Amino acid sequence: MFIALSTFTIANEMSPEVREAFVNRPHLVDSAPGFQRMEVFSPQDNPNEIWLMTYWADEDSYQVWHKSHVYHDSHQGIPKGLKLVPRSAKVRFFSKFAN
Ligand code: HEM
C-alpha cells in the first residue's frame, strides 16, 4: 500500500469553506485505478491545518492520477479567495508495513 499525505495551512478565515468543500468533494478520484480511500484531518491544536491522506494500491496508481486531468478537475471546487500560508503546502509519501 502507498499513501500520499498532503498538508497545507490556511492563512485567512476560510477553514469552514475548505472543510465544506472536502465534505462535498466531487468524488472524481474515487474511480481512479488503484485508489482505495482518503481521509481528511485537522490537528486539534491548529484547525487551519489540513492533513489529507490518500491510500493507493501502489505508487504508480498515485502518479498516473496525479498527472491526469482528473487531478486538476478534482480541485475546481477550491473555495475562491483561499490563501495558504506561504510554503506550507507539502506532500510526503509513505509505505505501510504493519497494522
Ligand atoms: C496545495 C494545496 C491544496 C489545496 C489548497 C487543496 C484543496 C483541496 C480542496 C478544498 C478539496 C475539496 C474540493 C474539491 O475537491 O474541489 C480538495 C480535494 C482533493 N484533493 Fe486537494 N488540495 C491541495 C493539494 C492536494 C494534493 C497535493 C493532493 C494529492 C495528494 C490532493 C488530493 C486531493 C484529493 C484526492 C481530493 C478529492 C477529490 C475528489 O473527490 O475527486 N490535494 N483539495
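Me: Before we start, what should I keep in mind about the numbering and the model?
Reply: Residues are numbered from 1 along each chain as its sequence is written. The model is predicted, so local features need pLDDT of at least 70 and side-chain atom pairs count only at pLDDT 80 or more, while totals for chains, interfaces and linings use all residues.

Me: How many helices and strands does the protein chain have?
Reply: Helices (H or I, at least four residues) and strands (E, at least two) are DSSP runs, numbered from the N terminus. Here the protein chain has three helices and four strands. Going along the sequence, they come in the pattern β-α-β-β-α-α-β.

Me: What does the radius of gyration say about the protein chain?
Reply: The radius of gyration is taken over C-alpha atoms, and the globule rule to hold it against is 2.2 Å times the number of residues to the power 0.38. For the 99 residues here the rule gives 13 Å and the chain comes out at 14 Å, which is close, so the chain is as compact as a globular protein of that length. Along its principal axes, the C-alpha trace spans about 35 × 30 × 25 Å.

Me: What about contacts in the protein chain between residues at least 6 apart in sequence?
Reply: Two residues are in contact if their C-beta atoms, placed from the backbone, lie within 7 Å. Of those contacts, 75% join residues at least 24 apart.

Me: Now the sheet: what is the order of its strands?
Reply: Strands of a sheet pair through backbone hydrogen bonds, either parallel or antiparallel. For the count, two strands pair if DSSP finds at least two bridges between them. In this model, four strands form an open sheet in the order 2-3-1-4, with antiparallel pairing. Strand 2 (35-41) and strand 4 are the edge strands, each pairing on one side only. The twist from one strand to the next averages 15°.

Me: How many bridges join strand 1 to strand 3, and how many join strand 1 to strand 4?
Reply: Eight bridges join strand 1 to strand 3, and six join strand 1 to strand 4 (residues 90-95). Elsewhere in strand 4, Arg92 is the bridge partner of Leu5, and Lys90 is the bridge partner of Thr7.

Me: Which strands does helix 2 lie across?
Reply: Axes are lines fitted to C-alpha atoms, for helices over the stretch in contact, and angles run from 0 to 180 degrees between N-to-C directions. Helix 2 (residues 59-67) lies across strand 1, strand 2 and strand 3, at about 45° to strand 1.

Me: How do I tell whether a residue is buried or exposed?
Reply: Count the other C-beta atoms (placed from the backbone) within 10 Å of its own: 20 or more is buried, 12 or fewer is exposed, and anything in between is partly exposed. Buried residues make up 6% of the 99 residues in the protein chain. In strand 4, zero of the six residues are buried, so that strand lies largely in the open.

Me: Is Phe94 buried or exposed?
Reply: Phe94 is exposed, with 12 other C-beta atoms within 10 Å. Phe94 lies in strand 4 and, leaving aside neighbours within four places in sequence, is in contact with Ile3 and Leu5.

Me: And where is Val85?
Reply: Val85 is in the loop between helix 3 (69-74) and strand 4. Val85 is partly exposed, with 13 other C-beta atoms within 10 Å. Beyond neighbours within four places in sequence, Val85 is in contact with Thr9 and Ala11.

Me: Which residue other than glycine has a phi near 65°?
Reply: That is Arg87, where the value is positive. Arg87 is in the loop between helix 3 and strand 4. His27, also not a glycine, has a positive phi of about 60° and is in the loop between helix 1 and strand 2.

Me: Last one: which residues come nearest to the ligand?
Reply: A residue is near a molecule if its C-beta atom, placed from the backbone, lies within 6 Å of it. Of the 21 residues around the ligand, the nearest are Arg25, Leu28, Ser74, Gly77 and Ala89. Strand 1 (2-9), helix 1 (15-23) and strand 3 (49-56) each supply at least two residues of the shell.

Me: How many residues of the shell are nonpolar, polar and charged?
Reply: Ala, Val, Leu, Ile, Met, Phe, Trp, Tyr, Cys and Pro count as nonpolar, Asp, Glu, Lys and Arg as charged, and the others, Gly among them, as polar. The shell around the ligand has 13 nonpolar, seven polar and one charged residues.
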